[in-house]
Amino acid sequence: MATVQQLTTKHVLGIKYLSPEDIHLIFETAQTFKEVLNRPVKKVPSLRDITIANLFFENSTRTRISFELAEKRLSADVVNFSASSSSVKKGETLLDTVNNILSMKVDMVVMRHPAPGAHHFLSQHIDANIVNAGDGTHEHPTQALLDAFSMQEAVGDLTGKNIAIFGDILHSRVALSNIFCLQRLGAKVRVCGPPTLIPKHIGQLGVEVSHDVLDSLRWCDVANILRIQLERQDIKYIPSLREYAQYFGINRKLLDQLDKKIVVMHPGPINRGVEITSDVADSEHSIILQQVENGVAVRMAVLYLLAATR
Ligand code: CP
């Protein structure tokens with residue numbers, strides 16, 4: 001690839017710390033890598049001298065595989081760590097775990113951790129570049145980047161576009177990263193869900209708040225539908241999944257009432273029949289699998305640009 005313009009940061013800890021220029025640079029770079037991924041030979045030598053550790057302290061399917069593929073497509077050396085089968089189970093701390101891995105000459109760390117801010121803590125103690133692959137209910141920056149990249153592909157420049165985020169906003173790291181990313185790209189953002197699943201002061205971030213699903217679908221160009229995160233709910237926020245599906249789930253009947261075709265997205269994993277029905281998830285409105293496809297190119301771009309800061 002041509003000479004690299006630099007990101008303004010050596011880590012991707014959250015969208016909050018990326019400028020609009022950083023995001024545009026990531027998207028331009030991702031576009032080039034997307035072309036590479038459509039060639040018969042999908043590999044480039046860009047990160048041949050770099051070793052990356054993928055540290056997953058929480059479950060993942062898409063993000064873990066997407067990062068690993070991105071790293072291998074860039075010719076990096078890759079090591080994978082899963083907390084459930086590690087010495088974390090014997091009481092080893094996060095910093096000891098990471099320092100032991102780094103002493104084996106690892107250059108970059110991709111980490112998912114249940115504690116919000118775990119990546120910040122690490123960034124103050126280690127030299128390696130860090131990419132946040134999800135920290136608790138805080139941020140999931142590469143998900144937001146691939147979401148916005150996919151939205152741009154579907155509806156063009158996001159300036160002035162209406163993007164509605166539906167569902168469990170309270171427990172979602174994807175929601176916060178999406179809000180920061182979409183606002184930096186000039187989109188108008190609305191969140192929609194039951195009052196118990198929307199943080200009280202979220203309006204202070206400059207987003208609209210609605211509890212009316214049909215009105216929000218009529219308002220938006222793109223509907224990003226989020227999962228009900230039962231595993232993060234210590235108390236009952238909704239009476240039942242059945243009731244949630246009835247009042248807040250996105251189904252075909254709702255889409256058929258619109259006088260325009262909107263784009264439907266979901267970061268996964270999907271609770272089919274709860275926040276989204278199969279006839280929406282698998283419909284012509286849906287770009288859910290394009291999101292997953294774009295994730296590899298976007299993560300290649302993030303890793304490539306971070307490596308250039310070394
Ligand atoms: N979207 C997402 O983060 O999915 P995984 O939890 O499977 O990585």
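Trainee: Which residues of H5 are buried?

Mentor: Buried means under 20% relative accessible area. In this predicted model, the buried residues of H5 are Pro141, Thr142, Gln143, Ala144, Leu145, Leu146, Asp147, Ala148, Phe149, Ser150 and Met151. That makes 11 of its 15 residues, so the helix is mostly covered.

Trainee: How far does H5 reach from its first C-alpha to its last?

Mentor: The expected span of a helix is 1.5 Å times one less than its number of residues. H5, residues 141-155, reaches 21 Å, close to the 21 Å expected.

Trainee: Which residues have the most contacts inside the largest nonpolar core?

Mentor: Such a core is a set of buried nonpolar residues joined through side-chain atoms within 4.5 Å. Here the largest one has 64 residues, and Ile26, Phe33, Leu145 and Leu303 have the most contacts inside it. Helix H11 (residues 288-307) gives the most to this core, with 11 residues.

Trainee: Where does this core lie relative to domain 1 and domain 2?

Mentor: Between them, because domain 1 (15-139 + 292-307) and domain 2 (141-289) both give residues to it. For a closer look, pick Ile26: leaving out residues up to four places away in sequence, Ile26 touches Leu7, Leu18, Leu145, Val298, Ala301, Val302 and Leu305.

Trainee: And which residues surround the ligand?

Mentor: Ser60, Thr61, Arg62, Thr63, Arg112, His140, Gln143, Pro267 and Gly268 do. An oxygen atom of the ligand is 2.9 Å from a side-chain N or O atom of Arg62. For His140, a ligand oxygen atom is 2.9 Å from an N or O atom in the side chain. A ligand nitrogen atom is 3.2 Å from a polar backbone atom of Gly268.

How values were computed. Residues numbered from 1 in each chain as written. Predicted model: local features only at pLDDT ≥ 70, side-chain atom pairs only at ≥ 80, totals over all residues. Heavy atoms only, no water. Helix = DSSP H or I, 4+ residues; strand = E, 2+ residues; numbered from the N terminus. Buried < 20%, exposed > 50% of the residue type's maximum accessible area, 1.4 Å probe, protein only. Domains from an automatic or database assignment. Contact = heavy atoms within 4.5 Å. Near = heavy atom within 4 Å. Polar contact = N/O pair within 3.5 Å; in protein donor to acceptor, adjacent residues only side chain to side chain.
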